Amino acid sequence: MSAENQKNSNKLSAFILGLISIIFTIVPLPDFLANFKPDWTLLLLIFLSINIPKEFNMGTAFILGILVDVSQGTLLGQHAFAFLLVVFLTSKLHLQLRNYPLLQMTAIICLILMMYHFILFWINGVSGISSSIYSYVGPVISGTVLWPIISKLLGTLFLYSTSKEKV
Amino acid sequence: MVVEKNHRPRIPALNTKFIVLILVSFGLLISDQKNNYLSILRNSITIALHPIQATIDFPQRLLYWIDNTFSERNELIKENKILQEERLVNLQALQRFDSLVQENIRLREILNASAKLNDNVQIARIISADINPFRHIIVIDKGTQNNLYNGQVIVDTNGVVGQILQTSFLSSHAILISDTDHALPIEVNRNGLRTIAQGNGSYDRLDIPYIPNNADIRVGDLIVTSGLGGKFPAGYPVALIDKVSRNPSQQFAYVSAKPTASLNQIREVMLIDKQ
């Protein structure tokens, strides 16, 4: 497959997955799971920026962030801001991150999710919105638990220009 | 020596892009918090996202429809009977209401006050969508298309639910009275004691923070909207006082109330048009 074809197919998958992740974000969960809703969009972004950082980086993060902001009615730019910081970190470290064993990588993802929720917490605090601590801690836990599955699943959907061994 | 053609850095211009976009989103954050410049941008994206919300809502609607269509005959008869009885009780109450309205208008004429008892009402459905996890915000299926406006008051059959926060063409976001950022002017129905009720982030409690220790307020008192502030029309039930604890060492009594509307179970709401 030529490089151009590969890029297009990746773009299509990313577009569809982006839509699905936003749908998953809006779908209501039963009450006992409501605080544990993972940040689907962020997990997708982390995957993309670790594995295909050339094609998906800041621009993707910004657009998805604005979409999440509008669909959730948060301050415009709140999620975009947090997404950008996370993607900056993960795409800077992508060469190390993608070679880590799964367990170690999951631990790093947990830290990244904590950082992300701290940023949201901070922006909420500055703009005077208070919320229970569970709405910040829950997604970190569920995101960490789901990361190995998500990264394996997404790995089958995208085509990498360089194999792991070569980079 | 081999010189590589088309050599590009691994991630082109990452830093510049990052700095530009982070500044843009920071700018968005500040301008969105301080004022309403961005409502056009937000509205147009909301319209683009509307199909997604409608898709998510569809299965629940379908279930509801199936439930309605295929329910048992005797269940329907039972429901019909209950509704008939309710209607009779309501009619009886309405008989007195009519004469009370007349009396009220007469009294208001004596006082030279303007009488406005009938409000226009529209009914809207809540779209089952999980919005902002940090706040109590719902989406309803009517928007500027149906002449909704920001600040319009929402009630259900039992009491005040909230007010509209943002309208877009096809749908609107509304804030519930239980949101931590929401407060509404109220009065105690029994004696007209005026104060405000604040949401505290849980669906079944409102805080009433500024009640002096010696104020006449009891468990079981109904609180209604006072109409002060001009946003909420007067006289709609809001909550029942369920806890009063007076501590002489504190400046104010601790008072909390339970909203009469079941805020997390409503399916349909009514919008009161004051304009």
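Good morning. This is a predicted model, in which local features need pLDDT of at least 70, side-chain atom pairs count only at pLDDT 80 or more, and totals for chains, interfaces and linings use all residues. Residues are numbered from 1 along each chain as its sequence is written, while chains are lettered from A and ligands numbered from 1 in the order in which they are written.

I begin with the contact between the chains. Chain A contributes 36 residues and chain B contributes 34 residues; two residues are in contact if their C-beta atoms, placed from the backbone, lie within 7 Å. On the side of chain A that touches chain B, α1 (3–26), α3 (58–72), α4 (78–92) and α6 (102–126) each supply at least two residues. Helices (H or I, at least four residues) and strands (E, at least two) are DSSP runs, numbered from the N terminus. The largest share of that side, 8 residues, belongs to α3(A). By class, that side holds 19 nonpolar, 16 polar and 1 charged residues. Here Ala, Val, Leu, Ile, Met, Phe, Trp, Tyr, Cys and Pro count as nonpolar, Asp, Glu, Lys and Arg as charged, and the others, Gly among them, as polar.

Next, the interior. A residue is buried if 20 or more other C-beta atoms lie within 10 Å of its own, exposed if 12 or fewer, and partly exposed in between, with C-beta atoms placed from the backbone. A nonpolar core is a set of buried Ala, Val, Leu, Ile, Met, Phe, Trp, Tyr and Cys residues joined through C-beta atoms within 7 Å. The largest such core has 44 residues, and those with the most contacts inside it include A:Leu45, A:Ala61 and A:Phe83. Helices α1, α2 (40–51), α3, α4, α6 and α7 (134–155) of chain A, together with α1 (14–34) of chain B, each supply at least two residues of this core. Its largest share, 9 residues, comes from α2(A). Leaving aside neighbours within four places in sequence, A:Ala61 is in contact with A:Leu45, A:Phe83, A:Leu84 and A:Val87. A second, separate core of 39 residues includes B:Val153, B:Ile177, B:Phe232 and B:Leu263.

How many of the 15 residues of α4(A) are buried? The number is 12, so α4(A) is largely enclosed by the rest of the structure. This helix reaches 22 Å from its first C-alpha to its last, close to the 21 Å expected at 1.5 Å a residue; the expected span is 1.5 Å times one less than the number of residues. Helix α3 (residues 73–111) of chain B has 39 residues and reaches 54 Å, close to the expected 57 Å. α3(B) is hardly covered, with a count of 0 buried residues.

Finally, chain B as a whole. It has 3 helices and 12 strands, and 27% of its 275 residues count as buried. A closed barrel of 6 strands runs β6-β7-β8-β11-β10-β9 with antiparallel pairing, where two strands pair if DSSP finds at least two bridges between them. Within chain B, β7 (residues 194–199) and β8 (residues 206–212) pair in the antiparallel sense over 2 bridges, and B:Gly199 stands opposite B:Leu206 in β8(B). Elsewhere, B:Asn147 lies in the loop between β2 (137–140) and β3 (153–155) of chain B. Its phi is near 60°, a positive value in a residue other than glycine. B:Asn147 is partly exposed, with 14 other C-beta atoms within 10 Å.
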